[in-house]
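This report describes the fold, the nonpolar core and selected residues of one protein. Please consult the sequence and the structure shown below while reading.

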Amino acid sequence: PIFDESVYKKVEVKLQHISKTGSVAVVTFNHEDHTVGNPLRHVLMQNPKVSTAGYSIPHPLEPKMLVHVQTEDYAVDVVCQGLERIASLCEEISANFEEALKKAVTVSEADQYAEEEAIMKPRKE
């Protein structure tokens, strides 16, 4: 079997380029791909101060993603806020999933109890 070392590498974030005003930046994420790139682009574009945001994977065999953002504010701060927004969305989804799972287990246990009761009760004829 082939051992994929990239799974165990830590994400490295580097500021590849920033404009003189600080409103345009290209940020490199090593060991990241579409899994982070697409949601980050989406969250960045929801920010009304962001005029453009996008990401690219320069080569499919190279574990690197480039994020480009142009904004009215300091671009690096906007990228950080986008990452924090993704983290909070993940926490919210996880909490909602846990709640739904508890409800499903409760309903499942109630159904199982009802089935056991039905089996135990003698039928009237």
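## Surroundings of Thr28

Beyond the residues up to four places away in sequence, Thr28 touches Glu12, Val13, Lys14, Gln16, Lys64, Met65 and Leu66. The model in which these contacts are found is a predicted one. Thr28 belongs to strand β2.

The side chains of Thr28 and Gln16 form a polar contact at 2.7 Å. Thr28 has a relative accessible area of 7% and is therefore buried, since the limit for that class is under 20%.

## Overall architecture

The protein contains two helices and four strands. Along the sequence these elements follow the pattern β-β-α-β-β-α.

Of the 125 residues, 22% count as buried. The accessible surface amounts to about 9600 Å², and carbon and sulfur atoms account for 57% of that surface. Among contacts with a separation of 6 or more, 49% link residues 24 or more positions apart.

## The nonpolar core

The largest nonpolar core comprises 15 residues, and those with the most contacts inside it are Phe29, Leu40, Leu44, Val67, Val69 and Val79. Two or more residues of this core come from each of β2 (24-30), α1 (34-46), β3 (50-56), β4 (64-71) and α2 (75-120). The largest share, four residues, is supplied by α2. In soluble globular proteins, nonpolar side chains tend to be buried together.

Which residues are in contact with Val69, leaving aside its neighbours within four places in sequence? They are Ser23, Val24, Ala25, Leu44, Val50, Thr52, Ala53, Ala75, Val78 and Val79. Two of these, Leu44 and Val79, are listed with Val69 among the core residues with the most contacts.

## Helix α1

At the N-terminal end, Asp33 caps α1, with a side-chain oxygen 3.0 Å from the backbone nitrogen of Thr35.

Which residues of α1 are buried? They are Gly37, Leu40, Val43 and Leu44. These residues lie on the same side of α1, because they cover an arc of only 140° around the axis. An α-helix has 3.6 residues a turn, so residues three or four places apart point the same way. On the other side of α1, Thr35 and Gln46 are exposed.

How values were computed:
Residues numbered from 1 in each chain as written. Predicted model: local features only at pLDDT ≥ 70, side-chain atom pairs only at ≥ 80, totals over all residues. Heavy atoms only, no water. Core = buried A, V, L, I, M, F, W, Y, C linked by side-chain atoms within 4.5 Å. Buried < 20%, exposed > 50% of the residue type's maximum accessible area, 1.4 Å probe, protein only. Contact = heavy atoms within 4.5 Å. Arc of directions from axis to C-beta. Polar contact = N/O pair within 3.5 Å; in protein donor to acceptor, adjacent residues only side chain to side chain. Areas by Shrake-Rupley, 256 points an atom, 1.4 Å probe, with all protein chains shown as cover.
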